[in-house]
Amino acid sequence: MTFDYIVQQLINGISIGSIYALIALGYTMVYGIIKLINFAHGDVFFVGAYTGYFAAKAGLGLILSLVLAMVVCGVLGVIIERLAYKPLRNAARIVILITAIGVSFLLENLGITFLGPQAQGFPEIVKKTDFTLFGGVVIDSIQIIVLVVTVILMAVLQYIVHRTKIGKAMRAVSYDMEAARLMGINVDSTISATFAIGSALAGAAGVVFAVMYPSVDPLMGIIPGLKAFIAAVLGGIGIIPGALVGGLLLGVVETGVQSIPGMSLWRDGVAFGILILILIFKPTGLFGKNVREKV
Amino acid sequence: MMMGKKFIAVTAALTLTTVGLAGCSKSTSSEGGSGDTIKVGTNLELTGAVAAFGQSQLNGINLAVEEINKAGGINGKKLEVISADNASKKEESTRTATKLITQDKVDVLLGAAISGDTFAAVEVANNKKVPMLTPSATNDSITFDAKKSKLNEYVFRACFIDSFQGKVMADFSAKNLKAKNAVVYIDNSSDYSKGLAKSFTSTFTAGGGKVVAEESYQTKDTDFKAVLTRIKTLNPEVIFVPGYYEEVGKIIKQAREMGIKVPMMGGDGWDAPELAQIAGAENLNNTFISNHYSSEDKDPKVVKFIDNFKSKYNSVPDAMAVLGYDGMYMMADAIKRAGSTDKEKIKDALANTKDFEGVTGKIALDKNHDPVKAAVVLEYKDGKQTFNTKVQP
């Protein structure tokens, strides 16, 4: 096992991990504000991928497809929140959780009905160029784009939550919804904004994912959604930089396990084993604090 | 008060629906009782991971049924297709088969398209004693349970089996590609994939070749770079990937982008138009599959079938459609010879299938209910399948 081999596998791991991280950002943000694990997140992701698919077929480039998918998914997120979650604002958390699972099934099956169950090839909208670093180590332009997009979106998110007025409102709602309402914060529109941003992130992730693994189908969001959820928990759910670290860690561990001869099937087993260990010793995740400042 | 009203409304609605449903099922069962049609239940993958297979097969079956009915049906009775979707899931397949038999009271079953889903329905057909013919499930143990060394009496198929398919590709890589070492990359969640890999490995090793590594992935995986990076360091001369098109397409694309240029091979699981879309046409060059038929075959029977299929569906039939078509005709042939819809007689007639002329060649069933028939090796050139060789059993 040479040094080149290890570096190459590390690059592979980081490129998967940055996708997990991108999806995990939306998960973690929605959870951080309203304590809801939004299981429909992976399905908003698929809607984003399909939006990108149609945009790309219509001849739009990467940036425009990405923006369009973010807008469509942001609107979808607000609609979902208004129709499905808002009427349950004061219901028990388990009720909202089950509703989220219901929304997820609804989106998947609407997708199967209207878009067909078959996987479609995604058009090539980014010209892929390979860069040979040293030895035989290769990194391609899409892997770089994914990582850059993830880091930029994370920084933007961090800025919105900590430096803007709406972010302040989000943090207040997260801290105490009733008190925030008494202070004159419009809780409903704050929560809507949270969903809009979270879902826009899922949409962006969908397009990036489809560019990297060029096929789209209505059930494509299930597995990445689940992995991203794990990444979010690993990093400490509700904490934005935690999503990035959790995603990258998960990607690198998965790749690492598969890069050992004969271990290709142990990937999920080892990854989940590490998750369990981390949660035993640090139940709030890697970045979680016992007294948390929520998002 | 509100609750009360709602409750009454819901109850009323439910009652109405139940009455409606009961009415429906009554009318269908009385139709079945009068016996003016022969009911063919199709348990196929119309949605889910391998939806392309199930839908294509249903097209083939429907074309055959249309032709048979136009020619006057079988023994004076028309065929009626009752189609059910197993969503490409094993547990659904068991349920779909049960539903077709107990609720729809079908006379015979066709399906499923892939081995895993067919396995899930084998027990149902055997226990309820309904003849079941899978057009395309190639796993060896579907008709003959090797563990119990017992024949599944009511289960038949219209295609060759995995051990033959694996053997064909192993011979092809040793003789035609002159390969000495190979890597096998298996979909570990698929009986089909494991079956092919097993017979490939044993034939390839017996011929003096060496399988340098056996790796696995799982259905629905999207990233294969970690394992492919390792395969690259092993420098194999061929890579055998006996999976289904959705994952295989991504594997081929990622492998080619990584600079793995050696021939890649697989079985009939690759055969779907989506493969070229997902993998990219130029990446598919230098890949080979074993398959049931070639659309370039100039045999008049094949040409006629392709013309009819094209005029009905406006597309070139893939192997799944051909097998669906052949499977339906094989079943019809057996019902005709049985002379009635008595399930036991149909079963005996099916087991005695000899010299049946299908589009995929002449079919005779051996004692394990497996057809003895030829396979073709196809090569992809710019995303299109081209005929390479024909291999007789």
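## Two crossing helices

Helices α1 and α9 of chain A are roughly perpendicular to each other, because their angle falls in the class from 65 to 115 degrees. Their axes cross at roughly 70° and come within 8 Å. Axes here are lines fitted to C-alpha atoms over the stretch in contact, with angles from 0 to 180 degrees between N-to-C directions. Helices are DSSP runs (H or I, at least four residues), strands are E runs of at least two, and both are numbered from the N terminus.

Residues in contact have C-beta atoms, placed from the backbone, within 7 Å. From α1(A), they include Ile19(A), Tyr20(A) and Tyr27(A). From α9(A), they include Pro224(A), Lys227(A) and Phe229(A). The contact has 11 nonpolar, two polar and one charged residue. Ala, Val, Leu, Ile, Met, Phe, Trp, Tyr, Cys and Pro count as nonpolar; Asp, Glu, Lys and Arg as charged; the others, Gly among them, as polar.

## About the model

This is a predicted model: local features need pLDDT of at least 70 and side-chain atom pairs 80 or more, while totals for chains, interfaces and linings use all residues. Residues are numbered from 1 along each chain as its sequence is written, and chains are lettered from A and ligands numbered from 1 in written order.

## Where the chains meet

In chain A, 24 residues contact 26 residues of chain B. The largest share of chain A's side, five residues, comes from α1(A). That side has 11 nonpolar, 11 polar and two charged residues.

## A covered helix in chain B

Helix α8(B) has 12 of its 13 residues buried (20 or more other C-beta atoms within 10 Å of a residue's own, with C-beta atoms placed from the backbone). Among them are Tyr245(B) and Arg256(B). Just after α8(B), Gly259(B) takes a positive phi of about 95°.

Technical notes. Two residues are in contact if their C-beta atoms, placed from the backbone, lie within 7 Å. Angles under 35 degrees count as roughly parallel, over 145 as roughly antiparallel, 65 to 115 as roughly perpendicular and the rest as oblique.
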